[in-house]
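User: I would like to learn how to read a helix and its surroundings in a model. Please take me through an example.

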Amino acid sequence: MAGVDVGGGGGKGGRKSLDSEVNMIPFIDLLMVTIAFLLITAVWSTMSRLNADAQVPGPPRPDVEQEKVEPEKQLHVEMRSTEKFVLIWKQGGTVVSTVDVPRKDDTRSEGSTRVIRYPDLAAKIEAEWKTVGQHRDASDKKFDQAVLHTDNETPYSNIIGVIDAVYQAKRPYNTGKKAENVPAFNVTFSVN
Amino acid sequence: MPIHEPGRRLMHNVGLKFVEKKVTGHGNRPTNAGLSLTSMIDFLIVVVVFLLMTFSASGETPITKGVNLPKAENTLDMIDAPMVSITGSQILVDGSAAGNTRAIEDSKRLQRVDELFNLLKAKREQWKQLHPGKDFPGVVVLQIDQDVQAVVVKSVFQTAAFAGFPNVSFMVNSLPKTKHE
């Protein structure tokens, strides 16, 4: 059997030895049971989430005088066409710039799941944010806003593909002690 | 019960020479292989450590039957929040029925789902009673089947916002992260 030497061995006659022995059979049994328990309770599929913000304004305060704030630029992602995406930067009702991105659905099947990705759109949105995006500093608590325009029949998997592309643009964000890379945009839906 | 003297035993009293020959391998390679205890224990400990590191005490997020989640790469960690599931035909809030998607798909226009609205509003009130004086986070997780139409997604999204849950998260399966230049 294996032994554990805890020092001070070889005491004078009659003294109990400080060496103690570990019985290997229950030790291996314990390891096996632990492995079996951890394997049974293991979670192999990893779930995660994509965030979206409904941008609900707070209730109006008639007692407080409203400050005139210049509206921020928002990126509108138009995905109604099957040929192209249209990226429109708007400031209030004014169109600042428009870019067309040819629509190339990178579709593949993984089991029963259909994975749809738009790498060209993701790259273009990232480039657009780097030139037009307003909230880039790690200490800035606000995020640039992306508004998704889709028709009513579009499958959900395509919407997730576009949201995933929008979230590829990352910016540093101070979360207490350190700056983390987080998505540069907040996504919301257009109601029309 | 009387105690008998033990009878003849295999290998001891009963020869079974051919088995003994096979096992010990006279001249041939023995069929018994030795196993190093130290290596085996090292291996077991490494496996235990790996499994402990990947162990999640919170357990698996339950997925509603009939929901096939899409996959995405740029995701955030899951949070604990009320779960709205949308299958091909049903809307459920934490497993309780909260509407039908067929009516929304047939009307082809954005609309408020009243049952969902009432259930979510009740959940909000319940949270406020349980946490007096605290700000309501307004977070809801949507578990939507990949083939559900956008009109249903937008209707549920809007209903959740009206019910006091403006912070909506879409539950997805994680794709491995790729490096972007």
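User: What should the 14 residues of helix H2 of chain A span, at 1.5 Å a residue?

Analyst: Note that this model is predicted. Helix H2 of chain A (residues 119–132) should span 20 Å, and its end C-alpha atoms are 20 Å apart, so expectation and model agree.

User: Which residues of H2(A) are buried?

Analyst: The buried ones are Leu121(A), Ala122(A), Ile125(A) and Trp129(A). They lie on the same side of H2(A), because the arc they cover around the axis is only 100°. The general idea is that an α-helix has 3.6 residues a turn, so residues three or four places apart point the same way.

User: Which residues are exposed on the other side of H2(A)?

Analyst: Lys130(A) and Thr131(A) are exposed there.

User: What covers the buried residues of H2(A)?

Analyst: The cover includes strands S5 (84–91), S6 (94–102) and S9 (144–149) of chain A, together with helix H3 (156–166) of chain A.

User: Ile159(A) is in helix H3 of chain A. Is Ile159(A) buried or exposed?

Analyst: Count the neighbouring C-beta atoms: a residue with 20 or more others within 10 Å is buried. Ile159(A) has 27, so Ile159(A) is buried.

User: Which residues does Ile159(A) touch, leaving out those up to four places away in sequence?

Analyst: Ile159(A) touches Thr150(A) and Thr154(A), as well as Ala150(B) and Val153(B) from chain B.

User: How is chain B divided?

Analyst: Chain B has domain 1 (17–53) and domain 2 (71–174). Taken over C-alpha atoms, the centres of these two domains of chain B are separated by 55 Å.

Notes. Residues are numbered from 1 along each chain as its sequence is written. Chains are lettered from A and ligands numbered from 1 in the order in which they are written. This is a predicted model: local features need pLDDT of at least 70, side-chain atom pairs count only at pLDDT 80 or more; totals for chains, interfaces and linings use all residues. Helices (H or I, at least four residues) and strands (E, at least two) are DSSP runs, numbered from the N terminus. The expected span of a helix is 1.5 Å times one less than its number of residues. A residue is buried if 20 or more other C-beta atoms lie within 10 Å of its own, exposed if 12 or fewer, and partly exposed in between; C-beta atoms are placed from the backbone. The arc is that of the directions from the helix axis to the C-beta atoms. Two residues are in contact if their C-beta atoms, placed from the backbone, lie within 7 Å. Domain bounds come from an automatic or database domain assignment.
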